[in-house]
Amino acid sequence: TSDETPFGLSGEPTPGAPSLLKLLRGLGIKTDAIIHTLERRFAHAGINSPDAPVIYLFCQRIGALVLLMIALFFFMSANEDNKILMYMLAVFTVVIALFGPKLYLQNLIEKRKKLLQRAFPDTLDLLLICVESGLALDASLARVCNELGRAYPEMTGELNRTRLELALINDRVKALMNLGERTDMVAFRSLIAALIQSERFGTSLTDTLPVLSEDFRLQRLSIA
């Protein structure tokens with residue numbers, strides 16, 4: 001549940017995933033510990049399907065063995081006429097088997113971080129306007145999500161989840177920290193530190209948010 005872990009993936013179940021999980025457990029793979037670790041990675045990638053770690057683990061363990069067998073077939077099928085082609089196919093298949101799932105997931109994580117980083121300064125500006133107008137944090141987040149839904153869907157998804165957790169979880173500080181754990185970005189951790197300070201001590205966000213917005217806007221410009 002959300003109050004226990006920030007990585008409680010939610011979404012539509014995938015048909016066949018329970019069967020894959022039973023197969024993995026039958027092979028002696030400690031799925032619970034591995035899936036718990038993978039949940040963090042999938043949260044960073046923005047994948048909310050609860051069965052995604054199971055499918056990933058199946059492709060990484062079972063799918064890799066199938067691809068290695070195919071690579072062996074390519075290698076054994078080589079002859080004088082097609083030796084170079086078969087060897088290249090075998091090497092390519094081995095690379096996909098060993099590194100394919102990991103590289104695919106890492107690519108999704110990096111791509112999502114870039115999208116969130118690009119949206120961060122604009123989100124801070126709008127959040128500051130809402131706070132300065134007198135809206136509470138929950139209402140400010142709702143307004144930001146409403147305004148930025150089309151421009152930055154990834155950012156909107158994270159803020160919507162945080163807004164719901166603020167309403168459902170008794171510990172508001174925990175709900176804010178969950179956002180930092182899911183995104184795993186310095187920008188969000190800085191924002192969360194300011195929000196937590198405001199929640200605990202009643203300090204004003206109108207002094208902190210403009211500084212954060214300017215810093216990360218300059219960072220976005222330097223990267224460009």
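Predicted model: local features only at pLDDT ≥ 70, side-chain atom pairs only at ≥ 80, totals over all residues.
Which residues have the most contacts inside the largest nonpolar core?

## Nonpolar cores

The largest nonpolar core has 35 residues, and Phe120, Met155, Phe188 and Leu209 are those with the most contacts inside it. Two or more residues come from each of α4, α5 (137-148), α6 (153-168), α7, α8 (186-201) and α9 (209-223). The most is given by α4, with nine residues. In soluble globular proteins, nonpolar side chains tend to be buried together.

Phe188 shows what such contacts look like: leaving out residues up to four places away in sequence, Phe188 touches Leu116, Phe120, Met155, Leu179 and Thr183. Another core, of 14 residues, lies apart from the largest one; among its members are Leu21, Ala45, Ala52 and Val54.

## Helix α2

Helix α2 covers residues 31-45. Its 15 residues reach 20 Å from the first C-alpha to the last, close to the 21 Å expected at 1.5 Å a residue. Just after α2 comes Gly46, with a positive phi of about 80°.

The buried residues of α2 are Thr31, Ile35, Leu38, Phe42, Ala43, His44 and Ala45. The elements covering them include α1 (17-26), α3 (52-76), α4 (83-132) and α7 (172-183). An α-helix has 3.6 residues a turn, so residues three or four places apart point the same way.

His44 lies in α2 and counts as buried because its relative accessible area is 5%, under the 20% cut-off. A polar atom of the His44 side chain lies 3.0 Å from the backbone oxygen of Glu181.

Arg40 also belongs to helix α2. With a relative accessibility of 31%, Arg40 is partly exposed. Its side chain makes a polar contact with the side chain of Glu181, at 3.2 Å. Thr206 stands 166 residues from Arg40 along the chain, and the C-alpha atoms of the two are separated by 32 Å.

## Arg112

Apart from neighbours within four places in sequence, Arg112 is in contact with Ala43, His44, Ala45, Gly46, Glu154, Glu158 and Arg182.

## Pocket and cavity

Rolling a probe the size of a water molecule over the atoms shows where empty space is left. The largest pocket holds about 170 Å³ of space. Eleven residues line this pocket, and those nearest its centre are Phe42, Ala52, Ile55, Tyr56 and Tyr104. Helices α3 and α4 each supply at least two residues of the lining, and α3 gives the most, with four residues.

The largest cavity has a volume of about 50 Å³. Leu127, Leu141, Leu159, Thr162, Leu176, Leu179, Leu191 and Leu195 form its lining, to which α6, α7 and α8 each supply at least two residues. Leu179 in this lining is also one of the residues that Phe188 touches.

Key: Residues numbered from 1 in each chain as written. Heavy atoms only, no water. Buried < 20%, exposed > 50% of the residue type's maximum accessible area, 1.4 Å probe, protein only. Polar contact = N/O pair within 3.5 Å; in protein donor to acceptor, adjacent residues only side chain to side chain. Expected span 1.5 Å × (residues − 1). Contact = heavy atoms within 4.5 Å. Core = buried A, V, L, I, M, F, W, Y, C linked by side-chain atoms within 4.5 Å. 1 Å grid on protein atoms, 1.4 Å probe; cavity = no way out; pocket = protein on both sides within 12 Å on 5 of 7 lines; lining within 4 Å. Points joined across faces, edges and corners; volume = space filled by probe spheres on them.
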